[in-house]
Amino acid sequence: MATDPQPDVRFFSRVSIEQVEEGHELAPKFDEHGLIPCVTTAAKTGEVLMLGYMNAEALKRTILTGEAHYWSRSRQVLWHKGATSGLVQKVVDLRIDDDQDALWLQVDVVGDASCHVGFRSCFYRSVPTGAGPAERTLIYREAEKTFDPKEIYGDAPNPTKL
């Protein structure tokens, strides 16, 4: 029995500045590692949730499924955000910048959190700026975690590398 081919997304070759900056063709520029940075924000509030990277496959899957996929640089694997935790990021809007080398995802998050540490946002601390001591103390901007990472991830290895 024949199966239907899986749908695909076509990226155009980058042929001119005009095409890239003002055309209608999706021609993303991946870096020397085959990655493109992606800032992800909460669609309702604009809060920055995370910065991730996508390779071509992650970008294609994000486009096709309407759910965020990334390339995990620490684990070196394609990563469907929320596949383990249930904290799936549903894409509300996917934008690409003027020279098509950076992405911005606006998402609704099932479970209302995005950080593997347990906070809502991966950007849960601020760095004090201006005059002050040479060694800065980070200021927590989220008072408590949204979930317990041990309950969600169990004994899975922490993706943070030293």
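A residue is called buried when its relative accessible area is under 20%, exposed when over 50%, and partly exposed in between (1.4 Å probe, protein chains only). Before you click, note that this is a predicted model: local features need pLDDT of at least 70, side-chain atom pairs count only at pLDDT 80 or more, and totals for chains, interfaces and linings use all residues. Residues are numbered from 1 along each chain as its sequence is written, and side-chain values use heavy atoms, with hydrogens and water left out.

**Stop one: Glu67**

Select Glu67, in the loop between α2 and β3. Helices (H or I, at least four residues) and strands (E, at least two) are DSSP runs, numbered from the N terminus. Is Glu67 buried or exposed? Glu67 counts as buried because its relative accessible area is 16%.

Now show its surroundings. Leaving aside residues up to four places away in sequence, Glu67 touches Arg61, Thr62, His80, Val88, Gln89, Lys90 and Val91; contact here means heavy atoms within 4.5 Å. With His80, Glu67 has a side-chain to side-chain polar contact at 2.7 Å. Such a contact is a pair of N or O atoms within 3.5 Å; within protein, one must be able to donate a hydrogen and the other to accept it, and residues adjacent in sequence count only if both atoms are side-chain atoms.

**Stop two: the salt bridges**

Side chains of opposite charge can pair when their charged atoms come close. A salt bridge is a side-chain nitrogen of Lys or Arg within 4 Å of a carboxyl oxygen of Asp or Glu, and the count by this rule is five.

Lys90 is partly exposed, because its relative accessibility is 38%.

Next, select Lys44 and Asp108, whose side chains meet in a salt bridge at 3.4 Å, N to O. Lys44 lies in the loop between β1 (36-42) and β2, while Asp108 is in strand β6 (residues 103-109), 64 residues apart. Lys44 is exposed at 72% relative accessibility, whereas Asp108 is partly exposed at 29%.

Then pick Asp93 and Arg95, a salt bridge with its closest N and O atoms 2.6 Å apart. Asp93 is partly exposed at 25%, and Arg95 is partly exposed at 43%.

**Last stop: Leu51**

Finish on Leu51 in strand β2 (residues 48-54), partly exposed at 43% relative accessibility.
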